[in-house]
Amino acid sequence: MLKNKLYPHFRRCMKAKNHNLTRRDIFTSQENMAKSKYEYVKNFELPDPCLPNCWIVVRIDGRGFSRFADVHGYVKPNDVRGLNLMTRAATCVMDEFRDICLAFGQSDEYSFVIRKDTNLFNRRASKLMTNVNSLFASSFVFHWVGFFGPIRLQYPPAFDARVVMYPTDKNLRDYLGWRQADVHVNNLYNTAFWGLVLKKGFSNAQAEERLRGTLASDKNELLFSEFGLNYNNEPPMFRKGTVLIRKLCKTPGDGKLRHVVLPFYTDLIGDVFWRENPEILGMKSLQIYHRPTEDNSISQEQCKSSPKQDSTGSTASATTTNEHSPVASEKS
């Protein structure tokens, strides 16, 4: 009763004011409220644009992946399921960000090359790195079951990332050559190391001591003499890593050209790859892909959003020694 006597027209006045507010008045009020005394903290955010006219490389790398591989029963020295899962996650990233023109992967790492004329996220390094890394990590977890089947994730995998800029085409090619040379060095050592451990009964320390100071020729000789293995006959995916590039492919039936992310197991150090794919460094329109030995069209099964898998969860073509494997992903 007291409130009614003091403010007899309180409810009526408030109702009238709210009723007369326009949509613009409401938005203006919200904008004014946002400009509070705390807004100065935005000044502590540092701008981090990548240099103009430079190739941008985002490289992701597994954090503590040796333990992750042991806990989840990865096959030594190369687990086809794990390699194909990494490629599947990388394909998801390329499907989302069209300015990524090439990706190269090996073991637990992937490098994504972004066009040097991109304006994606205003070229902010932090935005590029976090978006690529987070999408890769979530895709890795999302597609885990498709490659490892009943083997459940025991804990979340983690990946670190960095952004590096390369001002010239030669700098970019040298970077990719460095990463591919790393594939050869690491895989040759791991093939010899795990051969000694798994087939000869060496302990890890004994195998490490046996290989200490050996050259590539020594390891090749050891593999051939001890295990009858010619290293050059190992699958190209193990020896060279995986290259992902985008091409135009025709689908049967409608004959439409579609953007397809294709995996290749080929040499990046020489000139042949770059001559055959001039649109990468030249930043030109995508080329129509022509299969080396088959018809130019690709089957509908190859155009699915994820690779065809066999009963073990590996990609159907991953065990072949061809330099190219079937289509991994497609976009209209």
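Me: Why is V132 called buried?
Reply: V132 has a relative accessibility of 4%, and buried means under 20% relative accessible area, exposed over 50% and partly exposed in between, taken with a 1.4 Å probe on protein chains only, so V132 counts as buried. This is a predicted model, in which local features need pLDDT of at least 70 and side-chain atom pairs count only at pLDDT 80 or more, whereas totals for chains, interfaces and linings use all residues. Residues are numbered from 1 along each chain as its sequence is written, and side-chain values use heavy atoms, with hydrogens and water left out.

Me: Which residues is V132 in contact with, leaving aside its neighbours within four places in sequence?
Reply: Contact means heavy atoms within 4.5 Å, and V132 is in contact with V58, V93, F97, I100 and F112. F112 and V132 are 20 residues apart in sequence, with their C-alpha atoms 8.5 Å apart. V132 itself belongs to helix α6, where a helix is a DSSP run of H or I with at least four residues, a strand is a run of E with at least two, and both are numbered from the N terminus.

Me: What makes α5 and α6 oblique to each other?
Reply: The axes of α5 (residues 80-96) and α6 (residues 125-142) cross at roughly 135° and come within 8 Å. Angles under 35 degrees count as roughly parallel, over 145 as roughly antiparallel, 65 to 115 as roughly perpendicular and the rest as oblique, and α5 and α6 are therefore oblique. The axes are lines fitted to C-alpha atoms over the stretch in contact, with angles from 0 to 180 degrees between N-to-C directions.

Me: Which residues of α5 and α6 meet?
Reply: From α5 come L85, M86, A89, A90, C92, V93 and E96, and from α6 come V132, L135, F136, S139 and F140. The residues of this contact of α5 with α6 divide into ten nonpolar, one polar and one charged, where Ala, Val, Leu, Ile, Met, Phe, Trp, Tyr, Cys and Pro count as nonpolar, Asp, Glu, Lys and Arg as charged, and the others, Gly among them, as polar.

Me: What is the make-up, by class, of the contact of α8 with α10?
Reply: The axes of α8 (residues 169-200) and α10 (residues 216-227) come within 10 Å and cross at roughly 35°. In this contact of α8 with α10 there are eight nonpolar, three polar and four charged residues. Among the residues that meet are L188 and Y189 in α8 and L222 and F227 in α10.

Me: How many bridges join β5 to β6?
Reply: Strand β5 (residues 242-250) and β6 run antiparallel and are joined by eight bridges, and since two strands pair if DSSP finds at least two bridges between them, β5 and β6 count as paired. K247 stands opposite V260 in β6, and six of the eight residues of β6 (residues 257-264) are buried.
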